[in-house]
Amino acid sequence: MPLKPIVFKTPEELAVALRLSSVEAKEWQVQHVLLKRLKEIVRGQEITHAEVAKRAGTSRTRMTAILNDDLEHVSSDLLVRILGSLGYRVRVSVVKSDTAA
């Protein structure tokens, strides 16, 4: 029997489905914002995964996994370092949330 895919409209819905804590969900959201921007930059600059990996000081295999949405064992600081190696900096904004973590 084929499996029916489940589609979530928001990162929050997906976090609930994955039973992530609110803290884990927020970290996941930050990583995915960084990843989305990284993928846009790599596509826009038309550079290879190997070149990005070389600049960032990581392996091509790991870079390919990251750019294919595999963020298991990937920290936010690695994503920031990769973006920095491509000439970008990350700005962080801290604001009061409506709900506590």
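Reader: What pattern does the protein follow, read along the sequence?
Author: Going along the sequence of this predicted model, you get α-α-α-α-α. That's five helices and zero strands.

Reader: Okay, on to Gln31. Why is Gln31 called buried?
Author: Buried means under 20% relative accessible area. Gln31 comes in at 7%, so it counts as buried. You'll find Gln31 in helix H2, which spans residues 22–45.

Reader: What makes the pairing of the Gln31 side chain with the backbone oxygen of Val74 a polar contact?
Author: The cut-off for such a pair of N or O atoms is within 3.5 Å. Here the backbone oxygen of Val74 sits 2.6 Å from a polar atom of the Gln31 side chain, so the distance falls within that limit.

Reader: Which residues does Gln31 touch, leaving out those up to four places away in sequence?
Author: Leu71, Val74, Ser75, Ser76 and Leu79.

Reader: What is Tyr88 in contact with, neighbours within four places aside?
Author: Arg37, Ile41, Gln45 and Leu83. As for Asp69, it is 19 residues from Tyr88 in sequence and 20 Å away in space, C-alpha to C-alpha.

Reader: Zooming out, how much of the protein counts as buried?
Author: Of its 101 residues, 26% do. The accessible surface is about 7800 Å², with 56% of that belonging to carbon and sulfur atoms.

Terms used:
Residues numbered from 1 in each chain as written. Predicted model: local features only at pLDDT ≥ 70, side-chain atom pairs only at ≥ 80, totals over all residues. Heavy atoms only, no water. Helix = DSSP H or I, 4+ residues; strand = E, 2+ residues; numbered from the N terminus. Buried < 20%, exposed > 50% of the residue type's maximum accessible area, 1.4 Å probe, protein only. Polar contact = N/O pair within 3.5 Å; in protein donor to acceptor, adjacent residues only side chain to side chain. Contact = heavy atoms within 4.5 Å. Areas by Shrake-Rupley, 256 points an atom, 1.4 Å probe, with all protein chains shown as cover.
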